[in-house]
Amino acid sequence: MDNTAEVHHVLVVDDDISLLSTLCDMVEVAGYRVSAAIDGQKAWEKFQAEDPDIVFTDIKMPLMDGFELIENIRERHDMIEKYILAFSSDDKPERIVQAL
């Protein structure tokens, strides 16, 4: 019997370094392989280079916001095997719907 389970790779994205560090620690403790990016542009570069299974991204960020990052991923990659989780402190319904 093979005891080696596939470890999913999560890309965590946030421009708040303290929150980014906390989120990465939580994801790693949960047993996932973690990469981090401080803004959408760096996240897009890491996504293309590392091909993570899951992207956990903030929406409001400099250089490239989470909406643009999500759009780039959806346009250029097969979404059947990718998961995107978006979060934000913005509580405007139209912004929440935009992330869907």
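Which residues of helix α3 (residues 66–76) are buried? Keep that one in mind while reading; point 5 comes back to it.

1. First, the ground rules. This is a predicted model, where local features need pLDDT of at least 70 and side-chain atom pairs count only at pLDDT 80 or more, while totals for chains, interfaces and linings use all residues. Residues are numbered from 1 along each chain as its sequence is written, and side-chain values use heavy atoms, with hydrogens and water left out.

2. Of the 100 residues in the chain, 36% are buried. Here buried means under 20% relative accessible area, exposed means over 50%, and partly exposed lies in between (1.4 Å probe, protein chains only). The chain exposes about 6,400 Å², and carbon and sulfur atoms supply 53% of that; the areas come from the Shrake-Rupley method with a 1.4 Å probe, and for residues only the protein chains shown count as cover.

3. Now the sheet. The 4 strands form an open sheet in the order β2-β1-β3-β4, with parallel pairing. Its edge strands are β2 (33–37) and β4, each pairing on one side only. From one strand to the next, the twist averages 15°. Two strands count as paired if DSSP finds at least two bridges between them. Strands of a sheet pair through backbone hydrogen bonds, either parallel or antiparallel.

4. If you want to trace the pairing by eye, here are some landmarks. β1 and β2 are joined in the parallel sense over 5 bridges, and Leu 11 has Ser 35 in β2 as its bridge partner. Strand β1 (residues 9–13) also pairs with β3, again parallel, over 4 bridges; there, Val 10 is partnered by Ile 54 in β3. On to strand β4 (residues 83–87), which runs parallel to β3 and is joined to it by 5 bridges, with Ala 86 in β4 as the bridge partner of Thr 57. Strand β3 (residues 54–58) is mostly covered, as 4 of its 5 residues are buried.

5. Back to the opening question: the buried residues of α3 are Gly 66, Phe 67, Leu 69, Ile 70, Asn 72 and Ile 73. The N-terminal end of α3 is capped by Asp 65, which has a side-chain oxygen 3.1 Å from the backbone nitrogen of Phe 67.

6. What about the interior? The largest nonpolar core has 11 residues, including Leu 11, Trp 44, Phe 47, Met 61, Leu 69 and Ile 73. Such a core is a set of buried Ala, Val, Leu, Ile, Met, Phe, Trp, Tyr and Cys residues joined through side-chain atoms within 4.5 Å. β1, α2 and α3 are the elements that give two or more residues to this core, and α2 has the largest share, with 3 residues. There is also a second, separate core of 8 residues, among them Val 10, Val 12, Val 27 and Ile 54. In soluble globular proteins, nonpolar side chains tend to be buried together.

7. His 9 deserves a look. This residue is found in strand β1 and is buried, with a relative accessible area of 1%. Its side chain makes a polar contact with the side chain of Glu 50 (3.4 Å). A polar contact is a pair of N or O atoms within 3.5 Å; within protein, one must be able to donate a hydrogen and the other to accept it, and residues adjacent in sequence count only if both atoms are side-chain atoms. Leaving aside neighbours within four places in sequence, His 9 is in contact (heavy atoms within 4.5 Å) with residues including Arg 33, Glu 50 and Ile 54.

8. Finally, two loop residues. Pro 62 sits in the loop between β3 and α3 and is partly exposed, at 41% relative accessibility. Gly 31 belongs to the loop between α1 (17–29) and β2; Gly 31 is also partly exposed, with a relative accessible area of 45%.

Note on methods. Axes are lines fitted to C-alpha atoms, for helices over the stretch in contact, and angles run from 0 to 180 degrees between N-to-C directions.
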